[in-house]
Amino acid sequence: MSNSRVMTNVKETEFPQTTAWKDFLALIKIGIVNSNLITTFTGMWLAFYFTNTHFLNSLDTMFLTLVGSSLIIAGSCSINNYIDRDIDPLMERTKDRPTVTGKINGAKAISIGIAMISIGTIFLFMTTVTAGVIGIIGVFSYVVLYSMWSKRKLVSNTIIGSISGAVPPLIGWAAVDANLSLMAWILLLMMFIWQPPHFYALAMKRCEEYRAANIPMLPVVKGFATTKLHIVLWVAALLPLPFFLLELGIPFFILATAFNIGWLVLGLMGYKMKDDLKWAKLMFVYSLNYLTILFVAMVIVTVI
């Protein structure tokens with residue numbers, strides 16, 4: 001579909017009434033920002049814990065890290081919305097974005113994105129150089145490697161996009177302790193492995209929308225059967241990780257292992273369920289709870 005036809009369709013569509021603030025939050029994808037705040041904070045908190053640093057003595061580091069990471073994520077999402085403004089009208093879940101409705105034009109979206117990334121990067125460098133560098137890597141992988149390159153060309157786009165989603169806990173840890181420990185890398189690995197089954201489940205639910213937008217997501221290119229297999233394999237790859245987190249205690253090890261096994265069992269149930277979309281929804285919801293509960297639990301077990 002040509003850009004002119006897309007814009008014509010956009011003009012003919014009645015968009016829901018929104019405030020400028022809601023449009024701004026949609027531009028920066030506030031849901032993504034908030035979820036990444038949890039993983040960033042967890043990485044930072046565990047670094048405090050394992051370096052015997054009291055967080056009250058490092059409130060400046062906490063502020064710079066949380067605000068800095070939020071800004072670079074929000075800025076990257078703003079630029080992503082600018083890049084995707086030609087395909088977003090074709091998808092139900094993205095058709096009301098402010099860069100589609102015209103409430104925020106392309107120039108403003110780019111300006112907001114660059115400003116946020118610049119300020120956020122400065123904040124991260126004010127903690128440690130390592131945190132700043134990791135932040136830049138995250139921005140580059142999301143904006144360039146994913147949004148500008150692989151998303152529309154490669155079926156492996158989800159895996160490439162998982163690089164940026166994996167770095168927040170590493171940023172948090174590096175802001176406190178630039179000498180990244182094994183646990184810091186395990187947090188990154190957990191986030192990296194978590195994302196393909198999470199987004200593949202979403203892609204199954206939105207398969208026809210991605211097809212209409214000509215985005216080569218795995219379900220679109222390879223079909224549901226192959227996607228289900230990939231989801232199960234990625235979930236299975238999470239099974240060994242709790243063994244590298246034993247320093248968090250046996251209760252957390254049991255919790256993480258139980259969640260991994262539960263997710264894998266649910267994944268295998270997909271071969272018996274007749275409704276693939278219902279299964280995909282269950283997998284997607286489970287993945288959200290999995291991430292939130294385990295990362296919050298990491299903080300709790302170091303407090304009690």
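## Rings and overall build

The protein chain exposes about 14100 Å², and carbon and sulfur atoms supply 67% of that (Shrake-Rupley method, 1.4 Å probe). This is a predicted model, so to speak of local features pLDDT must be at least 70, side-chain atom pairs count only at pLDDT 80 or more, and totals for chains, interfaces and linings use all residues. Residues are numbered from 1 along each chain as its sequence is written, and side-chain values use heavy atoms, leaving out hydrogens and water.

On the build: the chain has 15 helices and zero strands (DSSP runs, H or I of at least four residues for helices, E of at least two for strands). Of its 304 residues, 51% count as buried, meaning under 20% relative accessible area with a 1.4 Å probe, while exposed means over 50% and partly exposed is in between.

Now the rings. The whole structure holds 13 aromatic pairs (Phe, Tyr or six-membered Trp rings with centres within 6.5 Å; planes under 30 degrees apart are stacked, over 60 edge-to-face, the rest tilted). Phe243 and Phe253 are edge-to-face, because their centres lie 5.0 Å apart with planes at 70 degrees. Phe243 sits in the loop between α13 (224-236) and α14 (250-269) and Phe253 in helix α14, so the pair ties together parts ten residues apart in sequence. Phe243 is exposed at 52% relative accessible area, whereas Phe253 is buried at 17%. Elsewhere, ring pairs link Phe259, Trp263, Tyr286 and Tyr290 into a cluster.

Two charges sit over rings (NZ of Lys or CZ of Arg within 6 Å of the ring centre and within 35 degrees of the ring normal):

| Charge | Ring | Distance to ring centre |
|---|---|---|
| Arg85 | Tyr82 | 4.0 Å |
| Lys228 | Trp279 | 5.7 Å |
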